[in-house]
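Here are my notes on the model you sent over. Have it open next to you while you read.

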Amino acid sequence: MATPVGRIEKEFLFKALYEEKLPVMLVRDRTEYILTLSQPAGHELVFYPDRPLGKLKNNSKLVLLFDYRGQVIDFNTEIISQKDDLLYCKAPDTLYKNLDRNYLRVDTPSDLKILFTFRGDRYNLTFPKISEYESIMSEDLVRTLDPRNLTGLIKQIASMLNNFADGYRIVNFKDKKPETTEERIVSETGKTLFIPSTVGFLPKTDPYPKKRIITEDLFKRYLESTGVGASYLDDNCARFLKNKFNDGIFSDAWVPILFHEYVIGYIHIWIDKQGRLPFDFSVLDNVYQYAKVLAFSLKENGYFEHGKVQNQPFEGRVLDISASGLLFSYPLGNTLLSTLLVDAELTVTIEAPNRSVHVVARIVRRFKDKSASYFGCRFLNMAPEDMRFLFEHLYGRQLDTNDATFLSGQV
């Protein structure tokens, strides 16, 4: 993911830009320009372009990119003025490295039309909703479990849970709305409440790349949202664990059952007998897989069919595009926004005058302002001939071997 550069590193990079005369890339109207910093960076950046830029509007925004010893850096700036073949720009607040895109973003060419369609089915359900998307793919599921027979599957899961838990419950939020603290925090976050030992602490960190665990910090933030004062958070956490211990629970876990953006229920497991090993992350991994199989089984058995909605193509306002991804916006207030979540996948159709490109894109980031929500998307497994066509259409030149290396594996 793109990482903001710190102040000291930012000053160092601008110093290197000037002293080493590093080329800075700008693409406008399918033309690639190389800019060179003509004086040390201050409150403004003064660039000398390698060819005439033509007249640019003051206050126009530019996206610039450069390579410092194999590390690709980009930043946004704003034009102040042009004078004597020099381009005067505002110094940016932030530079970004570790980009999750791999080529320069450009304004969308006027001859491109871009349509989006949700990949797979969409649903409008009455279950608790979260702001992330959980893919339910059959190839991810445990092969020893049979999702076609729902009743048999639940018996299989129950038998497996008994291998490491003294007790379990499988709860469906269709039949029971979230009421307890555990149910509410699981349904609101879509994450697992994991208590390895009720005489210890909630987890301080979450080891999973895609965060799954309700850490102590997240638990305290939830308590604050319910009205608990900051000075009472530690006491409330301690009391929460002590109450469990007093109830005879020594290890505890509440794992949500996720379907798309919905929390449809949870699997609760616990240990209440002395001498049994407490739960660890390997136990959670197993229960997490059982929850995925259960959600898939419910889907395959038609449990969500009543909530399926028609999947129509839609147009977003594409703000910029690169050879490996794009950024689009959609106005606030539209019901479509509730399904445009991080990790959701879209089929993108890019229509050019002489050719159309169809590619899958995954939403990798989402943010909003007062008027719209914005979605950064990464193209997935684009066909080489489509990559070449899109590259040449966006940048006005052929894709060479250096570009191919630069483009591989990122966005």
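**Notes on the helices and the overall model**

1. Start with helix 3 (residues 181-189) and helix 4 (residues 216-225), which pack at an angle of about 105 degrees with their axes 11 Å apart. Axes here are lines fitted to C-alpha atoms, for helices over the stretch in contact, and angles run from 0 to 180 degrees between N-to-C directions. Helix 3 is therefore roughly perpendicular to helix 4 (65 to 115 degrees counts as that). Thr 181, Arg 184, Ile 185, Glu 188 and Thr 189 of helix 3 touch Leu 218, Phe 219 and Tyr 222 of helix 4, a contact being heavy atoms within 4.5 Å. By class, that gives four nonpolar, two polar and two charged residues. In this scheme Ala, Val, Leu, Ile, Met, Phe, Trp, Tyr, Cys and Pro are nonpolar, Asp, Glu, Lys and Arg are charged, and the others, Gly among them, are polar.

2. A word on ground rules: this is a predicted model, where local features need pLDDT of at least 70 and side-chain atom pairs count only at pLDDT 80 or more, while totals for chains, interfaces and linings use all residues. Residues are numbered from 1 along each chain as its sequence is written, and side-chain values use heavy atoms, with hydrogens and water left out.

3. Now look at helix 2 (residues 150-161) and helix 6 (residues 281-300), whose axes come within 10 Å and cross at roughly 175 degrees. That makes the helix 2 and helix 6 pair roughly antiparallel (over 145 degrees). The contact has eleven nonpolar, one polar and no charged residues. On the helix 2 side, Leu 153 and Ile 157 are among them; Val 287 and Leu 294 are included from helix 6.

4. Helix 7 (residues 384-395) has twelve residues, and at 1.5 Å a residue it should span 16 Å; its end C-alpha atoms are 16 Å apart, so the two agree. The expected span is 1.5 Å times one less than the number of residues. Its buried residues (under 20% relative accessible area, 1.4 Å probe, protein chains only) include Asp 386, Phe 389 and His 393. Just after helix 7, Gly 396 takes a positive phi of about 70 degrees.

5. How far to trust it? Mean pLDDT (the predictor's confidence in each residue, from 0 to 100) is 88, and 93% of the residues score at least 70. Over residues 405-411 the pLDDT is below 50.

Note on methods:
Helix = DSSP H or I, 4+ residues; strand = E, 2+ residues; numbered from the N terminus. Buried < 20%, exposed > 50% of the residue type's maximum accessible area, 1.4 Å probe, protein only. Parallel < 35°, antiparallel > 145°, perpendicular 65-115°, else oblique.
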